[in-house]
Amino acid sequence: MRILFLFLLSLNFAFAQQNVSGLIVDSEGRPVQNALVQAPELALQTQSNENGEFSLSLTSAAIISVTAENFETYINEVNPGDVLTISLIAVITSVVEDDFTDTMSMITLSDDELSEDDQAADNISGLLQSSRDVFLRTAAYEFSSSFFRVRGLDSDLGAVRINGVPMNKFYNGRPQWSNWGGLNDLTRNQEFNPGIQTSDYGFGGLIGSTNINTKASSYRSGGRVTYSSSNRSYSNRVLVSYASGLDQKGWAYALAVANRWGESGYSDGTFYDAQSFMLSVEKVMEKQSLNLTVIATPNRRGKSSPNTQEVYDLMGTKYNEYWGNQDGEQRNSRVKRLDEPIIMLNHEIEFSPKTTLQTSVAYQFGELGNSRFDYPGGANPSPTYYKNLPSYYLADADGPDYAGAYLAQERLLADGQIDWNRIYDANLNTAASGLPAAYVLYEDRADDTQLTFNTSLKTFLTDQVSIVFAMTHQDMQSENFAEIQDMMGATSYLNRDSFDGYAYNLEDPDGTAGVGDRFKYNYLFDVQQTEAFLKAQFSLNRFDGYMAGSFKKTSYQREGLYRHGAYADNSFGKGKKLTFETPSGKAGLTYKLSGMHLFDANVAWVQRAPHLRNTYANSRENHYIVGELAGRDLEVEEITAYDISYILRAPKLTARLTAYHTSVTNASEISFFFAEGIGGDTSSFVQEISQNIDKEHQGIEFGFEANVLPALTIKGAASVGRHLYANNPSVYLTSDDFGYLDFGTSKMKNLRIANGPQEAYSIGFEYRENYWWFGFTTNFFNHTYVDASPINRTQNFLLDSDGLPLNDYDPELARELLQQEEFGQYMVSNLVLGKSWRINRNYLGFFFSVNNLFDEVFKSGGFEQSRNANFRELKQEFAAPKRQFGPKYWYGRGTNYFLNLYVRF
């Protein structure tokens, strides 16, 4: 009887503990490997093998979910003993998805990858375009043209790597996207970790981490030829790429060559001339591989100017003051030129199925130049110099000069561009008289040479727990100088300040310069940084989580090659070596209530060294550190951040709702401008240094995507933020004229940070069927603010030259004059259309997009001028018929298009 009882018990258990098994395939019947099969309510999970097969033990009926990259989530109820064949539906077919993603990233990056220095609003589209999260994709493709910033944060808080090598620049912390611009076919293999999360390569940022994989074996074999046409940044683009795939001997290579060009972009006079080249060669051996990547992307493009509203009203929103006709051709005086090749060697070795070591060595070198005029013996050549505008005559001390204003208006309308002939004539006249140049065209140069070493070890302690340890060391030397490009008819340039008379280099006080010579300033930066990174992560049935820590040691040292006449004792030779040690930590936890409902939370505490641009008060002239003249230390920046998300992954609906909060303390910022009314009656070119800046960013993000029909998807996104200054920072000025002036604190608390629209909404649809896709999106933007001037909100604003309050100071009027300008609401609608044809094993396709379909006119950004930094001066300016020194703005593009044609073989 006992034996029979045990037999029946075991038989009952066998029937109760039956397997659900089956096969997971794609729409063409091919097996899907590593698909995650879960029964969340029973806390069970498994993965499909290389044949797409899986097996899961169940004791009762249950809901299972099947998820795999590039496929929609499958959810269904199953019973013990079921044998299933599950056909997963691709998000869209891989070829069409690649074409769509490549084209969209090409559109967003090619337009604005070089604009960060012009618009004070760096582009985040490149950082986010690899994400599959509907909100982040919307931010990249729909919001970026309005210079929207995710969570109100700059791209220096997003980390970008190529094969694990950091690409963010030491000068401003931002990635220089144009270092690999135009190579979309070979830079689309990206791993993206959103928000605060870390990656397996490094600590990451606060708005995402991207690693671009350029290993030759990772590319699909075949080639692609692309032609693009646009009226945005360039007019034409040709890209040819080919990947061999991995051969039987373990070799693979990938190659891309591209050219982008145009005489003028959307703004007048903004030419574009960019070439791109990339080669990746890999040798795969048993359990290890070695890859060489070479990238070169020399490019030049003409910049566009911000302008006052007075100028836009007269000349239109496409107006650009930086160019003029010379010998029948457009010539731009402000050209950004970049040529910084990258050579990278990557090694990967698999010690065991659970342990992998990746090591990279990268060398980057080259030139970054930004051209402009110097006019030591001539008048300001800008056609919109304030004395050339009607507002100058309308502000005449004796009353408005309407006749003079009318003539100025007519001159601007008739010839509102740079007069190159007048500049050449002035120089020829000075040369004939034996005098040095009245005008020269020169470049501000930053020639960096950087060596980077990175190694990352990942090991699984168990199937659920892994550890990543990484070390990175970077060594950079940066040569910074001004170099003459064009003498424009002059014979020599006297290397002295034309206003104050001091020599730019006391080692050669009467030196002269010509084309190709350095002048004005000449110094080096020596930078070293070492980072150690450790992350532990786990993945269980109900919980996923991680903890990560980072320790960085950063050192800066300036070496002056000129002894500046105004700072003879503190400009030449090596300055003080600065060292910053910055620990940081992150943690995150995901709770899987079921396969459809997830809750995610992340927290970060970050310390970081100030960027180079915010470390030295005026590195072109002296060694002074920010805060040194004011008797204050330069502190590390400290950031605390957290976010909490609810994520829905239903068969026909995906959504994410996130609340976030970020606090920044001890930040520093530097501005350069010409100011009137400093210390009463003084007018000077100054460096405005703000210290101990605190900022607060909080808000919510929401995105959803609903498959209402097999071919029709409704999608939407919303971001509602409140990004403001959280305290009154300390402000002081330095200048050659007066040395140092402390203005105490600036009343910036509760003013909004100028970071693009702080509210953004998007609603649209996509229709994709039979290799056609069509989409339409409408985006609504609100709460965009002008960048407020700190000095206008210091005690200098209300004090007279004797240090006492102005006798006509009116606090109510002052508040009105200093009210931060908010730009109006606006809507932008975008349209996309594409088609791909399969011809044997080849694909032919096109993609066409129209942005700002209804030609909405809107301001995308702007900043207050600080020239009138005194109540009386500003009051007089507002009382005039037109403001002389009103804010300068950028306007967004009107209706613009992008057409992409390609052949894939």
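How many residues lie between β32 and β33 in the hairpin that they form? There are 4 residues between these two strands. The structure is a predicted model, in which local features need pLDDT of at least 70 and side-chain atom pairs count only at pLDDT 80 or more, while totals for chains, interfaces and linings use all residues. Residues are numbered from 1 along each chain as its sequence is written, and side-chain values use heavy atoms, with hydrogens and water left out.

To start with the strands, helices (H or I, at least four residues) and strands (E, at least two) are taken as DSSP runs, numbered from the N terminus. Two strands are said to pair if DSSP finds at least two bridges between them. β32 and β33 are paired in the antiparallel sense, over 8 bridges, and within this pairing T590 stands opposite D600 in β33. β32 also pairs with β30, again in the antiparallel sense, over 14 bridges. Here T579 in β32 is the bridge partner of S555.

Rolling a probe the size of a water molecule over the atoms shows where empty space is left. At least two lining residues each come from β8 (159–162), β26 (465–486), β29 (518–539), β30 (543–560), β32 (578–592) and β33 (597–608). The largest share, 4 residues, is supplied by β30. By class, the lining has 11 nonpolar, 15 polar and 7 charged residues (nonpolar: Ala, Val, Leu, Ile, Met, Phe, Trp, Tyr, Cys and Pro; charged: Asp, Glu, Lys and Arg; polar: the others, Gly among them).

Turning to charged pairs, side chains of opposite charge can pair when their charged atoms come close. A salt bridge is counted where a side-chain nitrogen of Lys or Arg is within 4 Å of a carboxyl oxygen of Asp or Glu, and the whole structure holds 38 of them. One joins D643 to R151, at 3.0 Å from N to O. D643 belongs to strand β34 (residues 637–649) and R151 to the loop between α5 (134–143) and β8, so the pair links parts of the chain 492 residues apart. Buried here means under 20% relative accessible area, exposed over 50%, and partly exposed in between (1.4 Å probe, protein chains only). D643 is buried at 4%, and R151 is buried at 6%.Strand β25 (residues 440–460) takes part in a further pair, in which its residue R445 is linked to E367 of strand β24 (residues 367–374), 78 residues apart. The closest N and O atoms of E367 and R445 are 3.3 Å apart. R445 is buried at 6%, whereas E367 is partly exposed at 28%. Both belong to a network of salt bridges that links R337, E367, E443, R445, D447 and E483.
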